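Thanks for passing this one along.

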Amino acid sequence: MDVARAAGVSRTTVSNAFNRPDQLSQTLRDRVLSTAASIGYAGPNPMARMLRTGRAGAIGMVFPGPLAHAFTDPASVAFLTGVADGCDRNDVGLLFLPAENDSALGSVGQAAVDGFIVHCMAAGAGMLTAVLERNLPILAVDVPNAELPAHVSSVSIDDRGGAALAAKHVLALGHRNIGILSLELLADGRTGPVDIARQRGATYGVSAARLDGYLTTIERDGAAVTGIEETDVTDPAETKASIERLITADPRPTAILAMSDVLALMTLDMARTHGIRVPEDLSIVGFDDIPAAQHATPAMTTVHQPLREKGVIAVENLLTTAGVPSRSTLDIELRARASSGPPSSSQTL
C-alpha cells in the first residue's frame, strides 16, 4: 500500500489509523493521516469495506411524511434524539429514507445499511413492502403488531389504552359532550369531519387505535361525541380550520381529546382567539407529553409516553435481536395538569 510505504509503517497500522484509532498513539495516527492526505488518499472505500466485512455500519430510518416534519415535530424530534443516542452508543450511522418520497422506494433497495427502523407506517404501505424485500433485520416503531410479519420486531405503546385513560379522565370530571381531534387515519391527504366509513377504513394503526380507545370509552359511559375532526399537522391552515369547526360546533364540546400535544396546544391557542377559557369553558387533553405541554399556560393534561427511550430501545433491539423477533410495549401514564377540569354548572344543565 502506498500510504504504508510512504509513512514507513505496516498496512495494519494504516488500517488502524482509519478504522481503530484507539489502537494507536495520537502522534502515530496523525503521522499516518498526514501522509495519506499528502498523497491524496481519503481512506478506505466504504462499499469495499462492506463487501469485506459484511456490515455497512449504518441503520436505515424509514419515516412517514415530509422529511422536514421529522425535524420540526416535537414528538418526532424526541424519538429521533433517542435513535441518535442509540446509534452513538453502538457506533453506527443513520440513513434517513422519507416514505413520502417516491424515489425513496428505489433507494431502499440500494441503501447500504445493516437493518431498518420503520416508523409509524400505514398498513399496506409500499415502503414497508420494499423494506421487507431486502431480507435485513427490521424493527417497526408504532406499527400495530397485527400488521407485521411474525419475524419483524417492534417497539410501541398501548395507544388504545392511552386514549382510554384520557377519555376516562374527562368523563370522571363530569364532561358529557366531548370532541376528538384525530391525526391522519388514511394516507390520502383528506382532512375534516370523520364518518363511520372512514373510521372503519383507517390504515394508520396508531390513529385508529387511539380513536377506538376514545370512542369505546365514551360510548360505554353513555356520553356524547360532538364531532371528530381528522387533521394533518403538516398543514397548519387546514388543522386550524378543523379545530375551529370542533370548538364552535352546536352543541359545543366541553372537553376535547387531541391525539397529539401539538394538536392540543393549537386548540389552546384557538380557544383564546374565540374567548373560550381553558379549563373553565373547555378542557383539553393531549397525547405524548412533549416539553411544551408542561410549560403551556395552563399546563397541558396529556398522556405521557417515553419518546426518547423508545428511540434508544428501537436501536438496541434492532442490533441485538437479529433473527429473534422482539416485541416491546412501553409504559404510558396520564399526567393531569391545569388544562382539564370539571365543566361549569351552566354546561351541565
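1. A word on pairing before the strands come up: two strands pair if DSSP finds at least two bridges between them. Helices (H or I, at least four residues) and strands (E, at least two) are DSSP runs, numbered from the N terminus. With that in hand, strand β9 (residues 255-258) and strand β10 (residues 283-288) are parallel partners over three bridges, and Leu-257 sits opposite Val-285 in β10.

2. Please keep the source in mind: this is a predicted model, in which local features need pLDDT of at least 70 and side-chain atom pairs count only at pLDDT 80 or more, while totals for chains, interfaces and linings use all residues. Residues are numbered from 1 along each chain as its sequence is written, and side-chain values use heavy atoms, with hydrogens and water left out.

3. For the overall picture, the protein chain holds 15 helices and 13 strands. Its C-alpha trace spans about 90 × 40 × 35 Å along the principal axes. Of the 349 residues, 49% count as buried, where buried means under 20% relative accessible area, exposed over 50% and partly exposed in between (1.4 Å probe, protein chains only). Taking contact as heavy atoms within 4.5 Å, residues 24 or more positions apart make up 70% of the contacts in the protein chain with a separation of 6 or more.

4. The β9-β10 pair belongs to an open sheet of seven strands with mixed pairing, in the order β7-β8-β6-β9-β10-β11-β13. At the edges are β7 (192-193) and β13 (333-335), each pairing on one side only. Helix α9 (residues 159-172) packs on this sheet and touches β6 (177-182), β9, β10, β11 (301-304) and β13. The direction of α9 makes about 165° with that of β10; axes are lines fitted to C-alpha atoms, for helices over the stretch in contact, and angles run from 0 to 180 degrees between N-to-C directions.

5. Strand β5 (residues 153-157) deserves a look, as five of its five residues are buried. Ser-153, Val-155 and Ile-157 point one way, and Ser-154 and Ser-156 the other. β5 pairs in the parallel sense with strand β4 (residues 138-141) over three bridges, with Ala-140 opposite Ser-154. Strand β12 (residues 327-330) also runs parallel to β5, joined by four bridges, and there Val-155 stands opposite Ser-328.

6. How do α6 and α15 meet? The axes of helix α6 (residues 74-90) and helix α15 (residues 307-320) come within 6 Å and cross at roughly 40°. The two are therefore oblique to each other; angles under 35 degrees count as roughly parallel, over 145 as roughly antiparallel, 65 to 115 as roughly perpendicular and the rest as oblique. The contact residues divide into nine nonpolar, five polar and five charged, where Ala, Val, Leu, Ile, Met, Phe, Trp, Tyr, Cys and Pro count as nonpolar, Asp, Glu, Lys and Arg as charged, and the others, Gly among them, as polar.

7. Is His-119 buried or exposed? This residue of strand β3 (residues 116-119) counts as buried, at 10% relative accessibility. Beyond its neighbours within four places in sequence, His-119 is in contact with Met-61, Val-62, Phe-63, Pro-64, Phe-79, Val-141 and Asp-142.

8. Finally, some backbone details to check. Most residues other than glycine have a negative phi, and most peptide bonds are trans. A cis peptide bond joins Val-278 and Pro-279, with omega about 10°; Pro-279 is in the loop between α13 (261-273) and β10. Another cis bond joins Thr-297 and Pro-298, with omega about -5°, and Pro-298 is in the loop between α14 (291-295) and β11. Asp-91 has a positive phi of about 55° and is exposed, with a relative accessible area of 72%. Asp-288, in strand β10, has a positive phi of about 125° but is buried, at 7%.
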